[in-house]
Amino acid sequence: MQLKDKLPEMSEEEQLKLLATNGMLVKRPIIVDETGVLVGFKETEWEERLL
């Protein structure tokens, strides 16, 4: 899909639509909250952030 070349030119709305319609683009768990973004699964980090 050559996304690394296309992403900088896409609007945020276009990027979100692409992610919403192609689940294979999201390869790891991700949480976005008011304190930041948590990606990957490191159990201790998730416990600290969510508990």
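Colleague: Let's start with Ile30: which residue is its bridge partner in β2?

Modeller: That's Val39. Next to that pair, Ile31 has its own partner in β2, namely Leu38. Keep in mind that this is a predicted model.

Colleague: How do you know that β1 and β2 count as paired strands?

Modeller: Two strands pair if there are at least two bridges between them. Here 4 bridges join β1 to β2, so the two strands qualify as a pair. They run antiparallel, and with 2 residues between them they form a hairpin.

Colleague: What makes Val26 partly exposed?

Modeller: Its relative accessibility is 41%. Buried would mean under 20% and exposed over 50%, so Val26 lands in between and is called partly exposed. You'll find Val26 in the loop between α2 and β1.

Colleague: Why is the contact between Asp33 and Arg49 called a salt bridge?

Modeller: Side chains of opposite charge can pair when their charged atoms come close. The cut-off is a side-chain nitrogen of Lys or Arg within 4 Å of a carboxyl oxygen of Asp or Glu. For Asp33 and Arg49 the distance from N to O is 3.6 Å, so the contact passes. The pair links distant parts of the chain: Asp33 sits in strand β1 and Arg49 in helix α3 (residues 43-50), 16 residues apart.

Colleague: Are Asp33 and Arg49 buried or exposed, or what lies in between?

Modeller: Both fall between the 20% and 50% limits. Asp33 has 26% relative accessibility and Arg49 has 29%, so each is partly exposed.

Colleague: What is the mean pLDDT of the chain?

Modeller: It's 86, and 98% of the residues reach 70 or more. Among the elements, α2 has the highest mean at 92, while β1 has the lowest at 85.

How values were computed: Residues numbered from 1 in each chain as written. Predicted model: local features only at pLDDT ≥ 70, side-chain atom pairs only at ≥ 80, totals over all residues. Heavy atoms only, no water. Buried < 20%, exposed > 50% of the residue type's maximum accessible area, 1.4 Å probe, protein only. pLDDT = per-residue confidence, 0-100.
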